[in-house]
Amino acid sequence: MTGIRNDQQWWNRFWDEKARTRVGLEPGQDDSTWFGLVWSVALEYLQDLFDRRAPGKSLLESGCGSARVSRHMALSGGYDCTMLDYSRPALQLAVSGFAESGLPGRFLVGDINHLCFEDGRFDVAYCGGVIEFFSDIRAPIREMVRVLKPGGVFAATIVPRKFSVQTIADWERTAAYSMNNILKRNFREAFKRARSIPPDYAVSSAPLEGYVAACRDAGLVDVVGLCATPFPALALPRFGQKYYARLMKAMKPAWRRFNRSQSRFSKRWGMSYVIHGIKGPLKP
Ligand SMILES: C[S@@+](CC[C@H](N)C(=O)[O-])C[C@H]1O[C@@H](n2cnc3c(N)ncnc32)[C@H](O)[C@@H]1O
């Protein structure tokens, strides 16, 4: 995963490859892997937020990729989803995922920085894993807030470049990677360092406070910025992954508390950001 730039062709190739391998395309309720658990905790949080705070059920997901979040919201929450991405192969996956689940949805090729919708159209505007790819994180936030109804909910999940528990866990992944390559006598690969976010992966290192300020400047109130995900991805053998997933699952109540805590510890330790706010005025 090196050499990533936020360019359309790169994303087209990325989604073509996903379509071929089908890895990581499910809505994300699989409690037997780190990946599935991270998604299940995130989806639970987002659905609770949308159900409690949104004035209605129309949802826009920008930079939707395979539309994992929209698919979950349509299935479990009855949301009326519009999905936008500038990659056609991504949208094809979104279309086939919705068709598989027998769900209606609208799918549009478009740019998150210039949305093709009138002001005040949606009850929820969500994007995941997108804003951190822009040098100006404010532009996509402003645009998504523009298309929200007053009282509508904006939310974004972000994987920033920051120190976190994953930075420490990357040493374990490096050791496992090296060992594996030494055993295979693949010495060229054996001494490379595994980094979950390689130096040339073009994600922003903007701090959580920067995202929160951008939300407020865009006209959101009740803005919340959380640092989430206390468990790192580890390179364990299959049986180890199974026990690790069991441990994480048993610790879900503490995990939820960590995500919501807004403590100094969670800001240092956590791997991802969740930001959300309401387009004023607030519901009475
Ligand atoms: C890391 S993927 C996230 C996909 C999905 N939201 C998820 O969480 O699985 C980032 C997505 O943003 C899309 N994207 C990047 N820049 C965009 C832009 N300017 N307008 C629309 N989509 C964009 C890419 O095509 C890609 O599908």
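Let's start where two helices touch: Trp11, Asn12, Trp15, Asp16, Lys18 and Ala19 in helix H1 meet Arg88, Pro89, Ala90 and Leu93 in helix H4. Sorted by class, that H1–H4 contact has six nonpolar, one polar and three charged residues. Keep in mind that this is a predicted model. The protein chain in it has 11 helices and seven strands.

**How H1 and H4 cross**
- For H1 (residues 8–21) and H4 (residues 88–100), the axes come within 7 Å and cross at roughly 35°.

- Seven strands make up an open sheet with mixed pairing, and you can trace them in the order S3-S2-S1-S4-S5-S7-S6.
- At the edges sit S3 (106–109) and S6 (220–228), each of which pairs on one side only.
- On average, neighbouring strands are turned by 15° against each other, if you ignore direction.
- Strands S1 (residues 58–62) and S4 (residues 122–128) run parallel and are joined by three bridges.

**A mostly covered helix**
- Helix H3 (residues 68–77) is mostly covered, with seven of its 10 residues buried.
- The buried ones in H3 are Arg68, Val69, Ser70, Arg71, His72, Met73 and Ala74.
- Their cover includes helix H2 (34–53), strands S1, S2 (80–85) and S4, and helix H4.
- After H3 comes Gly78, which has a positive phi, near 70°.

**The whole chain**
- The C-alpha trace of the protein chain spans about 60 × 40 × 35 Å along its principal axes.
- A compact globule of 284 residues would have a radius of gyration near 19 Å, and the protein chain has 19 Å, so the two agree.
- Of those 284 residues, 37% count as buried.
- Take the contacts with a separation of 6 or more: residues 24 or more positions apart account for 77% of them.

Technical notes. Residues are numbered from 1 along each chain as its sequence is written. This is a predicted model: local features need pLDDT of at least 70, side-chain atom pairs count only at pLDDT 80 or more; totals for chains, interfaces and linings use all residues. Two strands pair if DSSP finds at least two bridges between them. Helices (H or I, at least four residues) and strands (E, at least two) are DSSP runs, numbered from the N terminus. Axes are lines fitted to C-alpha atoms, for helices over the stretch in contact, and angles run from 0 to 180 degrees between N-to-C directions. Two residues are in contact if their C-beta atoms, placed from the backbone, lie within 7 Å. Ala, Val, Leu, Ile, Met, Phe, Trp, Tyr, Cys and Pro count as nonpolar, Asp, Glu, Lys and Arg as charged, and the others, Gly among them, as polar. A residue is buried if 20 or more other C-beta atoms lie within 10 Å of its own, exposed if 12 or fewer, and partly exposed in between; C-beta atoms are placed from the backbone. The radius of gyration is taken over C-alpha atoms; the globule rule is 2.2 Å times the number of residues to the power 0.38.
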